[in-house]
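Please look through the sequence and the structure shown here before reading on.

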Amino acid sequence: MGLWYASPAADWEREALPIGNGALGATVFGALASERLQFNEKTLWTGGPGSAQGYDHGNWREARPGAITAMQDELDAKTRLDPESVADKLGQPRVGYGAHQTFGDLYLDIPDAPTATPDSYRRELDISNAVATVVYTHQQVRHQREFFASYPDGVIVGRLSADRPGKVTFTLRYASPRSDFTVTAAGGRLTVRGALKDNGLRFEAQVRVRSEGGTVTSNADGTITVTGADSAWFVLAAGTDYADTYPDYRGEDPHAAVTRTIDRVGERYQSLVVRHVRDHRALFNRVTLYIGQSVPADVPTNRLLANYTGGANSADRALEALYFQYGRYLLIASSRPGSLPANLQGVWNNSTSPPWSADYHTNINIQMNYWLAEAANLAETTAPYDRFVEALRAPGRRTAKEMFGSRGWVVHNETNPYGFTGVHDWATAFWFPEAAAWLTGQMYEHYRFGGSTDYLRRTAYPVMKEAAEFWLDNLRTDPRDGTLVVTPSYSPEHGDFTAGAAMSQQIVYDLLTNTLEAAGILGDSPAFRRSLEKALAEVDPGLRIGSWGQLQEWKADLDDPDDEHRHVSHLYALHPGRQIEPGTKWADAAKVSLTARGDGGTGWSKAWKINFWARLRDGDHAHKMLGEQLKFSTLPNLWDTHPPFQIDGNFGATSGMVEMLLQSQYDVIEVLPALPATWPDGSVRGLRARGGATVDIDWVDGRATRVALVASRTRRLTVRSGLLPEGEVTFKAVAGRRYVWGEEG
């Protein structure tokens, strides 16, 4: 299974093919005369401590006693405030925030390469093995290149070969848009070393080249030449002295670690391939999806995308099935234990000033990156997310204390690897203290799927509890009705500041509910549990139906039925939250709001809407949104585009496709809850449900014919499906045992 093209990539964003091992990422162009491998290391970031601009974590540089209380009082009196006026009083210019950096490019300059693309040319990314290849025949010699990023060995690997001896000749060189490095070559090893001018972050990359036959020559200009080889291969390792430790964020010089990584790699290329493929398949092969797809012969992926209609033909199904698995591939490639989580571009960035710094936006984007992880059977990929959120607590406590005078921890609209938990002054995207509460939701979901009380006790609950303590201190009584509200409150990235915007309330309600459940499971103190119960009894849940039947975005009835803003923030309670159940008046109101907002929006917005419609049990509309994303928000290399490229849409769409096939947010395993008519026959293997179950489903003519479930822990489970005699069954599942309904095939 994979993506393929009949010509080299001419544009990084639209056409280059991504490989990655979590910490390292690269994009393959497949150029004939000068192959380009643009590569990244995820911790190569400007800004933070030591930045030439200075750095304050976004905390106020001067004390502002009473500033938030004064803003709350003003909102009580006026009910609405212009974002600019709030930013003037609570924001400040951002300094030292930084941006993710491209590490640079490896070029393989190939003499006597063809000047025109041969008919035999094929550039491919096999996502089932996570290997990119380039193949072509020139002057009766078949040339092949292979590239992959190995997680077990911590390296990027490339190999050039030919089907006739002595035909592999190239010069390997390094290039970068920055000038903060030196590059040397000796003993078949190229070394890049430097420090970012902005913050002094030290970085190093090493590339070791080996050949079968021929010669390997290290040149004085820092290049390496392979001449007359049968084949040649290289390994690349890279690192920085970044550490996720507040407040300095610095560790050891990367030289020793990079050298060890290169030295550990053996002399056999095939051993690297075997370890890499085995590791990748152990994750990727857990889930298979058949929805009637048939890949048309000799149709490259860019044409498959261009021809896509969203209709009922098998080629459209092939693109949808590929896109589903591509989301899983990209998460495996950009989020593995031992590095930072997937950022706005995963781990792929060709710029020194990428869009939105290629950072971590916490008002939906990093959360959306991980919506698919649990249900699409990639729970291990969440480890970097957990560590990142835990690392935000220390700077977040300081921000909570200095800005709010409260317990707990907080982070606002976006953050970086250096613990930026405060504010800036972009009026429509600077204030979002609910972000910490939302971040904890994924951690509690990890517990709900996996059921490890040890994980809950050690990892998730401490983060949840402190986030809840922040809101126990900061909720304020609304003089309009006596409920507890978030104030000031802003619905991203839209409208005026108010008190008690729907999304703010829904997020906090979700946090308090999750924390109370977890506190009961772990037996936390009765006093703390009573404080949560009291707050939940008094908090405004953020659910109101307005004058035209809509779910209100704000506590007052301010919604415009002609508003088509890309954010549909007030439907958080529908997805990813669990306050709104289908068939209720709230679900009906959510549908009114969603219909009014329309089917447009940016890539990530369309992806969110797939999930919304699936939760409303409207599979046909969910599929329509998938089609809208593929037709209008997907690039030829199948990256999501905001525009520009932003990876959350890929992840959100895969999540939405899972939601069409299996849901379990209400502690009932619902089979085919939103199956579209365009997928009448099919099967899926390996999806995960909350409660600890792996589920396989077969269906014909839109109805399940077989459901198989394997429990990962012993507990009572409820399964709902039209296949069952009563439509639903509740039973005690035993860990490791397999349960089948329908015909065993």
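This is a predicted model: local features need pLDDT of at least 70, side-chain atom pairs count only at pLDDT 80 or more; totals for chains, interfaces and linings use all residues.

## Strand S9 and its partners

Strand S9 covers residues 155–162, and eight of its eight residues are buried, so S9 is largely enclosed by the rest of the structure. Val155, Val157, Arg159 and Ser161 point one way from S9, while Ile156, Gly158, Leu160 and Ala162 point the other way, and all of them are buried.

Strand S8 (residues 141–150) pairs with S9 in the antiparallel sense over eight bridges, and in this pairing Arg145 stands opposite Leu160. The two strands form a hairpin with four residues between them, and Gly154, which belongs to the turn, has a positive phi of about 70°. S9 is also joined to S16 by six bridges, again with the strands running antiparallel, and here Arg159 of S9 faces Trp233 of S16. In general, the strands of a sheet pair through backbone hydrogen bonds, in either a parallel or an antiparallel sense.

Helix H4 spans residues 255–264, and its buried residues are Val258, Thr259, Thr261 and Ile262. These residues cover an arc of only 160° around the axis, which means that they lie on the same side of H4. An α-helix has 3.6 residues a turn, so residues three or four places apart point the same way.

What do the buried residues of H4 pack against? They pack against S9, strand S12 (189–195), strand S13 (202–212) and strand S16 (231–240).

## An open five-stranded sheet

An open sheet of five strands has the order S17-S26-S27-S28-S31, and its pairing is antiparallel. Its edge strands are S17 (288–290) and S31 (738–742), each of which pairs on one side only. Neighbouring strands of this sheet are turned by 20° against each other on average, with direction ignored.

Helix H18 (residues 648–661) lies across S17, S26 and strand S27 (693–700), and H18 runs at about 105° to S26.

## The contact of helices H7 and H17

Helix H7 (residues 314–334) packs with helix H17 (residues 619–632) at an angle of about 85°, and their axes are 12 Å apart. Angles of 65 to 115 degrees count as roughly perpendicular, and H7 and H17 are therefore roughly perpendicular to each other.

On the H7 side the contact is formed by Arg317, Leu319, Glu320 and Tyr323, which meet His623, Leu626, Gln629 and Leu630 in H17. The residues of this contact divide into four nonpolar, two polar and two charged.

Phe645 lies in the loop between H17 and H18 and is buried, with a relative accessible area of 2%. When residues up to four places away in sequence are not counted, Phe645 touches Trp12, Glu13, Gln345, Trp348, Leu635, Trp639 and Asp640.

Asn363 is found in the loop between strand S18 (360–361) and helix H8 (365–369), and at 1% relative accessibility Asn363 counts as buried. With residues up to four places away in sequence left out, the residues that Asn363 touches are Asn413, Phe432, Trp438, Pro492, Glu493, Met503 and His567.

Gln506, by contrast, is found in a helix, H13 (residues 502–522), and counts as buried at 0% relative accessibility. Among its contacts, its neighbours within four places in sequence being set aside, are Pro541, Leu551, His570, Tyr572 and Gln579.

## Cis peptide bonds and positive phi angles

Most residues other than glycine have a negative phi, and most peptide bonds are trans. The bond from Tyr246 to Pro247 is cis, with omega near 5°, and Pro247 lies in the loop between S16 and H4. The bond from Pro643 to Pro644 is also cis, with omega near 0°, and Pro644 is found in the loop between H17 and H18.

Gln140, in the loop between strand S7 (131–138) and S8, has a positive phi near 65°, and at 70% relative accessibility Gln140 counts as exposed. Asp667 also has a positive phi, near 65°, and is placed in the loop between strand S24 (662–663) and strand S25 (669–671).

Definitions and conventions
Residues are numbered from 1 along each chain as its sequence is written. Side-chain values use heavy atoms; hydrogens and water are left out. Axes are lines fitted to C-alpha atoms, for helices over the stretch in contact, and angles run from 0 to 180 degrees between N-to-C directions. Angles under 35 degrees count as roughly parallel, over 145 as roughly antiparallel, 65 to 115 as roughly perpendicular and the rest as oblique. Contact means heavy atoms within 4.5 Å. Ala, Val, Leu, Ile, Met, Phe, Trp, Tyr, Cys and Pro count as nonpolar, Asp, Glu, Lys and Arg as charged, and the others, Gly among them, as polar. Buried means under 20% relative accessible area, exposed over 50%, partly exposed in between (1.4 Å probe, protein chains only). The arc is that of the directions from the helix axis to the C-beta atoms. Two strands pair if DSSP finds at least two bridges between them.
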